[in-house]
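Reader: I am new to reading structures. Could you take one part and walk me through it slowly?

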Amino acid sequence: MTKHDQPLIFEITKPGRVAYSLPELDVPETDLTEAVPADYLRSQPAELPEVSELDLVRHYTALSKRNHGVDSGFYPLGSCTMKYNPKINEDIARLNGFSHIHPYQDEETVQGALELMYRLQQNLAAITGMDEVTLQPAAGAHGEWTGLMIIRAFHEANGDFQRTKVIVPDSAHGTNPASATVAGFEAITVKSNEKGLVDLEDLKRVVGEDTAALMLTNPNTLGLFEEEIVELAKIVHDAGGKLYYDGANMNAIMGVTRPGDMGFDVVHLNLHKTFTGPHGGGGPGSGPVGVKKDLVKFLPKPRIIKTEEGYRFDDDMPDSIGRVKPFYGNFGINVRAYTYIRTMGPEGLAQVSKDAVLNANYLFRRLAPYFDVPYDRHCKHEFVLSGRRQKKLGVRTLDIAKRLLDFGYHPPTVYFPLIVDEALMIEPTETESKETLDAFADAMIQIAKEAEESPEIVQEAPHATPVKRLDETEAARHPILRYVKA
Amino acid sequence: MSKFRYLPVTEEDRQAMLSTIGVESIEDLFKDVPEDVRFKGTLDVEKALSEQELYRFMSSLAAKNVNTKETPSFLGAGVYDHYIPSVVNHMLLRSEFYTAYTPYQPEISQGELQAIFEFQSMICELTGMDVANSSMYDGLTALAEAALLACGTTRNKKIIVSEAVHPEGRDVLRTYAKGQHLEVVEVPAVNGLTDLDQLKAVVDDESACVIVQYPNFFGQIEPLKDVEAAVRLSKKALFIVAANPLSLGLLTPPGAFGADIVVGDCQPLGIPAQFGGPHCGYFATTKKYMRKVPGRLVGQTVDEEGRRGFVLTLQAREQHIRREKATSNICSNQALNALASSIAMSALGKKGLQEIAHQNMQKAHYAANKLKEKGLSVVFAGPFFNEFVVNVNQPVREVNKKLLEKGFIGGFDLEMINPAYKHHMLIAVTEQRTKQEIDDFADALGGVVHD
C-alpha cells in the first residue's frame, strides 16, 4: 500500500484543463435568458475540479493504492461475508442489454430483464424455503424495514393493532432494533443464555399479545446455531407473533436448512454478502425479502408475474404495503447475484456453506489456544474470540486489529457482538484456501506472543500503513466534512 | 478436485482440517441443526453453467431487451441517458474500491474515504449547501429520509409534498410515513407547477416540511424563491428540495433559495440507467442539521504524526451505535456509485458540467420547437430544463409502440400517474441526442399523431 499522500482532487486543479469531450452543439441556440428568469440561471459555477484525463486516472489510481479490498488480501470481517467477487459478474452486469435499459420502457422491450428477475426470485425462494420473493429492497436494513412493514400490515389486517413490539436478541445486528423503530415498533431485547443462544425463559417472559415479531439471525452473530429454533418458533407463533429471519448469515446454511423450514415467516437476504454482489466500499447492496403464503398479498408493489404472453409487472395489489423503492430494486446487483447462482447451481451453493463452516471451524481451532473463547462449541460460518487475556497485558482488541494491518490483513469485526468483552468476530468465507487461513493464524499467534513479550509493538500499531491511527475524537468535535478552498 | 472455481478447499485439505478440528466429517459440524428442520435433497435451484455457457445464456437474456445504446431514447422521468466518460468505468473496476467493505479501518481505507470526502465536497458545491453525506440508496428514498429528519427535528407530523414531485417518490414517502404514523398532504400542481395558493393554504406551524422537486417531475423549473416564501409562513417547517444534480450546472442551486435540505439522485452523473438501480441518492443540508443527517459521513482529521487523513465521523447518529434510538436504519449505502459520480463530476469538471447542462437545455428547447412545428402542443408554458410535456391526442402507450417500430424509445406516459394527464407524454432530451435524431423523432411522432 502506497505511503505517498495523495492531494485532494481540488488541490491538483488547474483552470483550463478538462477530462471530457462533448460534441459541438448541433442545434440552433435558444437565448436562455429569455427561456429562464435571471434568478434561476446560476451566476457562480460550481467549483468542480479541472484536471486532464491522465491527472484524473492517476488520482483515482493513487487512491485505489491506499485502499484494501478482497482482491488485495484476506478480509475476515465477521458478519460481512467478504468472499471473492467473481469477475464474470462484472462483465455480465455491464452488457448493454442490462446496463442501458430504462425502467419505464414498455414491458415488451425488457422481457430479458423481467425474466432474469423472475428466475432470481424463484431461486431465492427455493434457497430460503419461502413462497414468494420481492427484489425491491436496496440493502439488508431496507429489507428489514420492508419485512417489518409487511408484518405490521398483516397484524392490522387482522385487527391486531396492539402488536406494537418487536423482540430482538441482545446479540442482534444494530440494524434490527433501528429498523423496528423506523417501522414504528418498539424494540424489546431478549437475553442470550450462557450458551450464547436466545434464552427461552426470557423469551417467554417478554413475548405476549403485544408481540408483532421476533427478529433472529440463525446462525446468530456469535456464529452459533440456535438449536432450539423449533421451540423458539412455537413460543412466538403461539403468542400470535411472526418470525423474521435476518439473512446476513445465510452463507452458513444453504442446502442444510432453510428459514422457511425453521418456521420463519419473513426473510431478507443480503445479495452483496452470500451472493457475491461486491460490497463496493459500503454499497450498493440488494436486500430481497421472501415471505410465506399468508403474507404474499402485503408485498411491496409491483411484483413480477409470468403470463402466457410473457413477463409482466402486476400493480393490482390492494393490500400491498406500497412502494419501498423507486423502480424495481438494485437490478444491477441482482444481475450479479443471479450470475453467481448460475455459476454454482444447487450443489455448488450447498458446497459453499459446507466449506464456509469448515474454514471457520478450522481457523477457530487453530486460534483457540491463544485467545479467550467465550463459547466453546462448533461454530457455523464465523466465530467470536475475546481479547480479555491480552487486555490484562495492556493490549486491547483494537490494538490487535491495528497490528493485523501490518501483516496485510483486514482485521475481523471488533467489539461486536456487544455481549462479548473485547470481541473479535472472524468470518473467513469459503473462497479462502487452507494456506491463507494458516498464514493468518500464524500472524494472529505472533500477535498474541507480542502481546506477552513486547506489547508496545501491538499498542503502537499499525506501523506499515499509509497513515497511522487517526484522531477520531477531533474529527467528531470539529467536523470538517468538505473541502473549502484556502 | 473441486469443480467450482471459487472453492479452493481440496479433499486433502478437508481431511487435514477436519483432523485439526477433531471431527470425522463436515456433517459433525452441523449436528446442532435439529433433524426436524433439516433440508433433505437438492435445492430447487437452476443448474450450474460453465463460464462459456453462462456468458452465452446471460447475453441471450440481455439481447431480449431493447437498449438505449442502440435505440435512441426520449424517456426520462427521473432516469436519464447521459454521456459517461470512459474513465469512469475504468476507475470503478479498480478492485481495491469495489471489493472493499465500508471503510471502518481508516488506516487501510484512505483511498475510499478521501474519494467520498471529495464526493461530499462536490455535492455541497453543486447544491449550495454546507454538508453532504456519503450517499443514500437513491434520490427518492433520500427524499423520504429528509421528511423523517424534518418530522424528528420539528416534532411535527405533517409532511407537505407537491404533486409535481416524482410519483414514485410520493409513493415511497407514503410507505415510510405509514411506519411512523405521519401524515402526508399533497399540494396539487397547476399548469405543471406547484400550486402556490394551495400550498399557502395548507402550510402552518404544525407542518414538518414542504417538499418540491427542481426541475419538477414535468420538467418545469419550480420558482423556488416563491415556494420558500410560502414555506416560511410556517415557523417550523423545513424547506426540502429534490434536485437533479446535472441541472445545477446551469440552474441556481437550491441552497441559494434557502433550502434546508437538498436531496436527489446522482444517476445523471456517471451512472447507467440499469433498469432503475442501483443509482445513488445524495443528501445535503445546512450546518444546523449536520448532526441529524442519516447515513455515513466522512470527515478530515490527522493521524498521530500529524498527517492529514480521513475517517467516518459523527457515528453516534448511526444505527450500529444508537440501535433502537436511531432515527434512520440505513447501513449499506451506494458508495461505489458515489465514486462513479465523483469520477464523472471530476471528468466533466467546472466547465464540462456547465456545458453538458447547457446542451441539455438547448436540445430540449430545440426538440420542443420542432414538435410544435409538427403540430403538437407543448402543454406547460413555464421555463423547463431538459424535459417537457406534449399532448399526443391518443393513448401514449399506442404511440410508443409505433415509435418503437420506427426505431425510437418514446416518452413517459403521464396517464399512468393521473388520468387527468390522458394522452400526455413527458419527453426528455439529453446531450446524447443528435440534431438528426431529434429531427427524425419529431417527424416520426408528428407522423404518428396525424395518422
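What is the span of helix H6 (residues 139-154) of chain B, and why does it agree with what a helix should give?

Author: Start with the kind of model this is. It is predicted. The predictor gives the complex an ipTM of 0.97 and a pTM of 0.98. Chain B averages a pLDDT of 96, and 100% of its residues score at least 70.

Now the helix. H6 of chain B covers residues 139-154, which makes 16 residues. Its end C-alpha atoms are 22 Å apart. At 1.5 Å a residue it should span 22 Å, so the two values agree.

Next, its surroundings. H6(B) is mostly covered, with 13 of its 16 residues buried. In soluble globular proteins, nonpolar side chains tend to be buried together. The largest nonpolar core here has 305 residues. B:Ala147 is among those with the most contacts inside that core.

Leaving aside neighbours within four places in sequence, B:Cys209 is in contact with B:Ala147 and B:Ala150, among others. The list also includes B:Ile159, B:Ile160, B:Ala237, B:Leu238 and B:Ile240.

Step back to the whole of chain B. Chain B has 13 helices and 15 strands. Of its 451 residues, 62% count as buried. Its C-alpha atoms fill a box of roughly 80 × 55 × 50 Å along the principal axes. Take the contacts in chain B with a separation of 6 or more: residues 24 or more positions apart account for 72% of them.

Chain B is divided into domain 1 (86-344) and domain 2 (350-450). Their C-alpha centres lie 28 Å apart. The contact between these domains takes 14 residues from domain 1 and 18 residues from domain 2. On the domain 1 side, eight residues are nonpolar, six are polar and none is charged.

Then there is the partner chain. The contact between the chains takes 167 residues from chain B and 174 residues from chain A. On the side of chain B, the largest share comes from helix H11 (residues 335-373), with 23 residues. By class, that side of chain B has 80 nonpolar, 50 polar and 37 charged residues.

Helix H14 (residues 434-453) of chain A has 20 residues. From its first C-alpha to its last it reaches 28 Å, close to the 28 Å expected at 1.5 Å a residue. Its buried residues include A:Leu437, A:Phe440, A:Met444 and A:Ile447. What covers the buried residues of H14(A) includes helices H11 (331-367) and H13 (397-406) of chain A. Helix H1 (11-21) of chain B is also part of that cover.

Finish with a loop. A:Gly240 is found between helix H9 (229-238) and strand S5 (242-247) of chain A. A:Gly240 has 16 other C-beta atoms within 10 Å, so it counts as partly exposed. Leaving aside its neighbours within four places in sequence, A:Gly240 is in contact with A:Glu209 and A:Thr211. A:His155 is 85 residues from A:Gly240 in sequence, and their C-alpha atoms are 9.1 Å apart in space.

Terms used:
Residues numbered from 1 in each chain as written. Chains lettered and ligands numbered in written order. pLDDT = per-residue confidence, 0-100. Contact = placed C-beta atoms within 7 Å. Helix = DSSP H or I, 4+ residues; strand = E, 2+ residues; numbered from the N terminus. Nonpolar A, V, L, I, M, F, W, Y, C, P; charged D, E, K, R; others polar. Domains from an automatic or database assignment. Expected span 1.5 Å × (residues − 1). Buried ≥ 20, exposed ≤ 12 C-beta atoms within 10 Å, placed from the backbone. Core = buried A, V, L, I, M, F, W, Y, C linked by C-beta atoms within 7 Å.
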